[in-house]
Each structure stands twice: as structure tokens, then as C-alpha cells.
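Have the sequence and the 3D view at hand.

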Amino acid sequence: YGENEYKIAKWIKANTQEKERIVNWGSEMIYFLADRLPKHKYIGAFPPLLEPTYDVFTKNPARIVIYDTSLPQYQIGLGKWPFIEFLKKNYKEVGKYGDTLIIYENFSNKTLK
């Protein structure tokens, strides 16, 4: 991890509640640096291998999602996982760090479709 992870952690600390849980598909070190827990039991970017997880992320969406846009080139299938389209449709980009790390925020408190 490096400077971008520290900057993301600083943003998370400044823009989330202390007990708020996040989704992080960037560096797992962000959880530690930001002192935040994952929103769901799936902490890595491997859920496309487990299709049922789509409902986990959409029925109880995290307000904050950190996503490394380079992951689909390394993890076959991630780019076609329906959550990625859900993310683009229901979240807004609120920060970009480096070439690939993006913070997305869901401004709705409701379950999204």
C-alpha cells in the first residue's frame, strides 16, 4: 500500500461515521488504515465467483464503495458481474486516487434497484 491508500483512509475517516461499514475492492489495507469494518462478509473482489452475493450487496448496500477499476483485467468475470453495473447506476464517484482507485458513494438510504 502507499500514498493513495492513506489518502482514501483519510477521506473515509472524514466522511463516514466511526462505526459505519464500507465495501472495499481496492487494497484490503484500507480497512485497517481507515479503522472501518467491511459491510458484508465478502471482503475481496472475488464475489463474481459466487453469484448469490449480488443480492447481499444490493439488498443492503453500503454507502461507500472503494473499487479498483483494474481488477477486471486480473479477475476474469468481474467486469461482467451484475454488481458493477449496479454500482455505476446507483453510486456517484466522489474521489479518484491514482489511475484506478475510485471512491463511490450511494446517496440513498434505501435499498437500490
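Trp 25, Phe 57, Trp 81, Phe 83, Phe 86 and Tyr 91 come together in one aromatic cluster; rings of Phe, Tyr and Trp (its six-membered ring) pair if their centres lie within 6.5 Å, and planes under 30 degrees apart count as stacked, over 60 as edge-to-face and the rest as tilted. The model is predicted, with local features needing pLDDT of at least 70 and side-chain atom pairs pLDDT 80 or more, while totals for chains, interfaces and linings use all residues. Residues are numbered from 1 along each chain as its sequence is written, and side-chain values use heavy atoms, leaving out hydrogens and water.

The whole structure holds 8 aromatic pairs. In one of them, the ring centres of Phe 57 and Trp 81 are 5.7 Å apart and the planes stand at 90°, so this pair is edge-to-face. It links distant parts of the chain, 24 residues apart: Phe 57 sits in helix α3 (residues 53-59), Trp 81 in the loop between α4 (71-74) and α5 (82-90). Helices here are DSSP runs (H or I, at least four residues), as are strands (E, at least two), numbered from the N terminus. Trp 81 also forms a tilted pair with Phe 83, at 5.3 Å centre to centre and 40° between the planes.

Is Trp 81 buried or exposed? Its relative accessible area is 2%, so Trp 81 is buried (under 20%; exposed is over 50%, partly exposed in between, with a 1.4 Å probe and protein chains only). Phe 83, at 1%, is buried too.
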